[in-house]
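Biologist: Thanks for sitting down with me. Could you walk me through this structure, one question at a time?

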Amino acid sequence: MDILLQLTFAGIGMGSIYALVALGLVLIYRATSVVNFAQGDFAMFAAFLMVLAHLHLGLPYWASFLVALAGMVAFGLIFNYGVYYPLRNRSYLPVLISTLGASIVIQNSVLAAYGPHPANLPGALSFQGFQVGSVFLDGQYLVIIAATAALVLLQHLFFEKTIVGKQLQATSQDKEMASLLGVPVKIMIAITFIYSAVLGGVAGVLVGPIIYVSIGMGGAIALKAFAATIIGGFGDIKGAIIGGVVLGIIETFGAAFISVPYKDAFAFIVLFAFLMVRPQGIFGEKIAEKA
Amino acid sequence: MRYAFTTTVLSALGAIMIVGAAHAADPIRIGMIAPITGGAAESGRNQINGAQMAADEVNAAGGVLGRKIELVIEDDQTTNPGAVLAFSKLTSDANNVAFIAPVRSTQVHAIAPDVLRNGKPVLFGGTDPRLTQLNNPWFFRFRPNDAISTKAMAEFGIKDLGKKKWAIIHTTDAFGASNVKLLTEALKEQGITPTLVQGFTSNSQDFTPIVLAVKQSGADIVASFTVQDTDQGVLAKQFRQFGVDAAWIGSPTIVATTTLKLAGPALYGTYALADYNPDSSPEATTFSENYRKRFNVQADFFSAWTYDAVKVAAVAIKNAGSTEPKALREALLAIKDVPGAEGPYSFNANGDGLHGYNVVRNQDGAIVFVKRVETVR
């Protein structure tokens, strides 16, 4: 029983990270119909900003976090104008390739600027975690779960209760119609990129203390996040979150009870199963309705 | 008249330049494949540093055969295709007389057919024992192979630490898979069957299932074979979090500089078999001091083996009196008791240069030399 609880905790912790990254993927997909292959690198980039501010410039943790977030705002804006904007009138494929290229550029820029050594970013809490019975609750995992929940709630309020949120929704549903109704579509898309970059950044800063801050840290997470969005229903926000958490739990249990080396495979077996049986995912609308 | 003069001057200049080029001895070029980008980029830098330091020392002492040693470095991107590509790029230049190949066995396997075709000595650091059993006359290993390390591991764990219940954790690549086989054999020789054998793929983000399995198995000693320093760090942290207090003896990654920095106290008290330790010999000590002076970081096995590879290659070229591949090969095979940072080099017919291992202990973050175990050549 203790082992099941421990595994569930680890699964939800990792799953929350997939969910955070997946959330950013979904937002950009909804706004631009493009899968952003650099989403994992957003996480990596922010984690390195945090390392730079906290470990090298010696800023306090919270201030470094703000620096990292501010950096991601600028980063999202540059990404919007550098990677997406010039190709906005083309089909999704050139943009997709453009994000793939951006991913390589980001990774190698960080490599050139920071060097190849991974960094040890301390966690947000000053203690390691709690021992509850024989279950150990890692403090950073708790922070991640709490932060994911809070962000999801905030996001819901933002999209449903504010004018900008509603304009963003309108843009993602039908750009032309939104434009006709006076929604500044260009600005809305820029905001989407900024918001996605910040979300990815939060994920990176949160996961850094667990898996260390390294140039390749975003890659594996982004791949799982992508799987999570398909399981949840591509383009669906609550689907991305539930998909992420489900994926985290499935791979942790699969590793514990079936095979550790095939841990990554479980995520993709589930992905294949969904693609075959329910390609629209848990919450996704049928593709036919979109046409 | 003036025109004629100019022509004369120009042709004289040209002649001087040609003669000059012929006289300034061309450097002896050694091609080097290293991970400059990709997952192992941090170890790539150390490997390049070690090799460069050796080349500079040889050159400062007058070079070899009156020529300087020059390294030609190609990036393998930490991948097998990258290594193959880098090797083909390096071999396309006939001026490269020998090559330093990757430290990862899987990459050395990947270039093995090309090494055979190319027919020039390749000095490598991968520790999979099979690499020197491929009947490939051009392979020379500059680290002790895993058969030696696992034998030393089993002996130290059973005899010195008195542990009988072994859990083995390993990566599922060539390095990890071959080590598990060898350690299991070495343990069997001592009448022990491991209680748990668990593989994982490199770059895992979470080790909860493995750590729980180790805890449940009741093992009193853990042997680990990891490649990535980040994996080693996460594994160590989770071992401590879940209260696993078994003795722990690991592959060299457990004492690599970056791993120590990442994992900190989580690795205190662990043992490792390290092919390199600064206190294992006077040569190792000198290397360590010079390396720190030059690069301001602690030397590790990544930098030590490439340092030795260049140094020993220089000795072999000098003994051979030429850079001709066959002569160089004979000279390398004839190397006997040449001291290096990793230990004394004596090549056997298979091309294995080292035959001993150092047992070290992580004493509150400092790596302390425990003993050197020499096995039969």
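Modeller: Happy to! Along the sequence, the elements of chain A run α-α-α-α-β-β-α-α-α-α-α-α-α-α. Please keep in mind that this is a predicted model.

Biologist: What percentage of the contacts in chain A join residues at least 24 apart?

Modeller: Let's start with burial: 51% of the 291 residues of chain A count as buried. For the contacts, take those between residues at least 6 apart in sequence. Among these, the share joining residues at least 24 apart is 72%.

Biologist: How many residues of helix α10 of chain A are buried?

Modeller: This helix covers residues 237–257 of chain A, and its 21 residues should span 30 Å at 1.5 Å a residue. The rest of the structure largely encloses α10(A), because the number of buried residues among its 21 is 16.

Biologist: Which element gives the most to the side of chain A that touches chain B?

Modeller: The contact joins 27 residues of chain A to 28 residues of chain B. On the chain A side, α1 (2–32), α4 (92–114), β2 (135–138), α10 and α11 (263–277) each supply at least two residues. That side divides into 15 nonpolar, nine polar and three charged residues. With five residues, the element that gives the most is α1(A).

Biologist: Which helix supplies the largest share of the side of domain 1 of chain B that touches domain 2 of chain B?

Modeller: The domain assignment of chain B gives domain 1 as 28–144 + 280–346 and domain 2 as 147–274 + 359–374. Their centres, taken over C-alpha atoms, are separated by 27 Å. The contact takes 16 residues from domain 1 of chain B and 17 residues from domain 2 of chain B. On the domain 1 side, the largest share is three residues, and they come from helix α4 (residues 105–118) of chain B.

Conventions:
Residues numbered from 1 in each chain as written. Chains lettered and ligands numbered in written order. Predicted model: local features only at pLDDT ≥ 70, side-chain atom pairs only at ≥ 80, totals over all residues. Helix = DSSP H or I, 4+ residues; strand = E, 2+ residues; numbered from the N terminus. Buried ≥ 20, exposed ≤ 12 C-beta atoms within 10 Å, placed from the backbone. Contact = placed C-beta atoms within 7 Å. Domains from an automatic or database assignment. Expected span 1.5 Å × (residues − 1). Nonpolar A, V, L, I, M, F, W, Y, C, P; charged D, E, K, R; others polar.
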